[in-house]
Amino acid sequence: MKQPEFIFELTAEAAEKNFLVLKQYGLDLEKALSAQRDTPLEYGSEFPRRKYPGVKIFACKVDYKSAFRRIHLAWKTALQTCTHLPEAEIAILALRLTFGGSPCPAEWSAISELANDLTTAIMQHPDWDPSELFSPLVSQVPPRSDLPDDVPFGVGKELVVDVPVNSKGMSEIYVDDKLSCALDLPGSDHVDRCAGAALLSIHTIARPLSSHEPIPRETMAAIEKLLAEAGPEELKIMLGWHLNFRTLIISLPFNKANAWSTEISEILSEGKTKAKRLERNIGRFVNIGMIL
């Protein structure tokens with residue numbers, strides 16, 4: 001088993017060399033990346049289930065560690081974040097993306113969406129062998145977890161659009177939460193692809209850590225969440241929702257469903273509410289509406 005030898009520099013030249021490393025292992029991803037199309041994750045489960053009714057769909061979740069703090073601001077932008085504290089007689093400015101800045105999610109997504117396309121391209125590449133080319137963190141991914149055999153398979157409904165099915169899987173991302181899915185076809189390595197592709201794509205675009213870092217740094221993949229959530233499972237929590245890829249049911253966790261229902265009942269009972277409370281519940285209704 002081999003690990004790719006990536007360049008320890010955060011430069012465009014180093015990134016190009018890192019892609020060449022993948023090419024040396026037989027992964028020419030240029031055409032695959034240029035052919036990427038936006039495919040909502042729900043289609044990634046409905047269509048495979050229609051084509052493979054009794055085949056399990058596994059999902060793996062990987063989070064970025066301190067995502068916004070990975071991007072440095074240009075000096076002109078940093079000056080616009082300057083805040084004056086008169087009593088302390090100091091001025092503070094942000095040198096990296098802030099967690100409260102309105103444009104920051106879009107700025108970060110310019111990178112994370114590219115990495116997500118790379119994840120899907122790696123998963124679907126016929127020449128990739130996940131046992132030969134992998135991230136050093138893949139050894140920390142928990143083992144697969146199957147639902148009990150008596151849990152029935154949901155039926156994929158016919159939709160008005162047609163989306164090609166690639167049984168090797170696909171990946172979707174929302175800001176810094178990456179979810180990959182794949183069909184567990186008999187005799188295939190699709191679940192291993194699902195478990196390793198996201199980490200390999202992150203390892204490719206990120207600067208690998210040296211054993212002699214002058215300032216302590218953490219890996220770009222969040223280790224704590226990796227140990228808890230990265231294992232291939234048929235049931236995942238994504239953005240606060242339970243995604244069941246066996247039954248094809250999306251549901252709220254019990255504690256959240258109970259809290260939301262209780263607050264709605266209180267508002268209806270009182271006949272009035274504060275603006276912030278109303279705004280919070282409207283946001284919840286929009287969230288539910290998008291799921292429906």
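**Entry 1. Terms and model**

I take two strands as paired if DSSP finds at least two bridges between them. I take helices (H or I, at least four residues) and strands (E, at least two) as DSSP runs, numbered from the N terminus. I note that this is a predicted model, in which local features need pLDDT of at least 70, side-chain atom pairs count only at pLDDT 80 or more, and totals for chains, interfaces and linings use all residues. Residues are numbered from 1 along each chain as its sequence is written, and side-chain values use heavy atoms, with hydrogens and water left out.

**Entry 2. The sheet of E6, E7 and E8**

I looked up the strand order and found an open sheet of three strands, E6-E7-E8, with antiparallel pairing. The edge strands are E6 and E8, each of which pairs on one side only. On average, neighbouring strands of this sheet are turned by 20 degrees against each other, direction ignored.

I then went through the bridges. Strand E6 (residues 235-238) and strand E7 (residues 241-244) run antiparallel and are joined by four bridges. Lys-236 has Leu-243 in E7 as its bridge partner, and Ile-237 has His-242. E6 and E7 make a hairpin with two residues between them, and Leu-239 in the turn has a positive phi of about 55 degrees.

E7 also pairs with strand E8 (residues 249-251), in the antiparallel sense and over three bridges. Here I recorded Ile-249 of E8 as the bridge partner of Asn-244. The hairpin of E7 and E8 has four residues between the strands, and Leu-248 takes a positive phi near 60 degrees.

**Entry 3. The sheet of E1, E5 and E4**

I found another open sheet of three strands, in the order E1-E5-E4 and with antiparallel pairing. Strand E1 (57-63) and strand E4 (170-174) stand at the edges with a single partner strand each, so one side of each has no neighbour in the sheet. From one strand to the next, the twist averages 20 degrees.

E4 is joined to strand E5 (residues 177-183) by five bridges, and the two run antiparallel. I located Glu-172 opposite Leu-179 in E5, and Tyr-174 opposite Asp-177 in E5. The hairpin of E4 and E5 has two residues between the strands; Val-175 in the turn has a positive phi of about 60 degrees.

**Entry 4. Helices on this sheet**

For directions I use axes that are lines fitted to C-alpha atoms, for helices over the stretch in contact, and angles that run from 0 to 180 degrees between N-to-C directions. Contact means heavy atoms within 4.5 Å.

Helix H5 (residues 104-124) packs on the sheet and touches E4 and E5, its direction making about 165 degrees with that of E4. Helix H6 (residues 190-205) lies across E1 and E5 and runs at about 155 degrees to E5.

I next compared H5 with H6. Their axes come within 8 Å and cross at roughly 135 degrees. H5 and H6 are therefore oblique to each other (angles under 35 degrees count as roughly parallel, over 145 as roughly antiparallel, 65 to 115 as roughly perpendicular and the rest as oblique). Among the residues that make the contact are Ile-111, Ala-115 and Leu-118 of H5 and Cys-194, Ala-197 and Ala-198 of H6. The contact residues of H5 with H6 divide into ten nonpolar, four polar and one charged (Ala, Val, Leu, Ile, Met, Phe, Trp, Tyr, Cys and Pro count as nonpolar, Asp, Glu, Lys and Arg as charged, and the others, Gly among them, as polar).

**Entry 5. Helices H8 and H9**

I found that helix H8 (residues 254-270) and helix H9 (residues 275-291) pack at about 130 degrees, with their axes 11 Å apart. That angle makes H8 oblique to H9. The crossing of H8 and H9 is left-handed. The contact includes Trp-260, Glu-263 and Ile-264 of H8, and Arg-277, Arg-280 and Phe-285 of H9. I noted five nonpolar, two polar and six charged residues in the contact of H8 with H9.

**Entry 6. Aromatic pairs**

How many aromatic pairs does the count come to? The count is three, where rings of Phe, Tyr and Trp (its six-membered ring) pair if their centres lie within 6.5 Å, with planes under 30 degrees apart stacked, over 60 edge-to-face and the rest tilted. Tyr-64 and Trp-108 form an edge-to-face pair, 5.0 Å centre to centre with 80 degrees between the planes. Tyr-64 lies in the loop between E1 and helix H4 (75-80) and Trp-108 in helix H5, so the pair ties together parts 44 residues apart in sequence.

Note on methods: Left-handed = near helix turned anticlockwise from the far one by under 90°.
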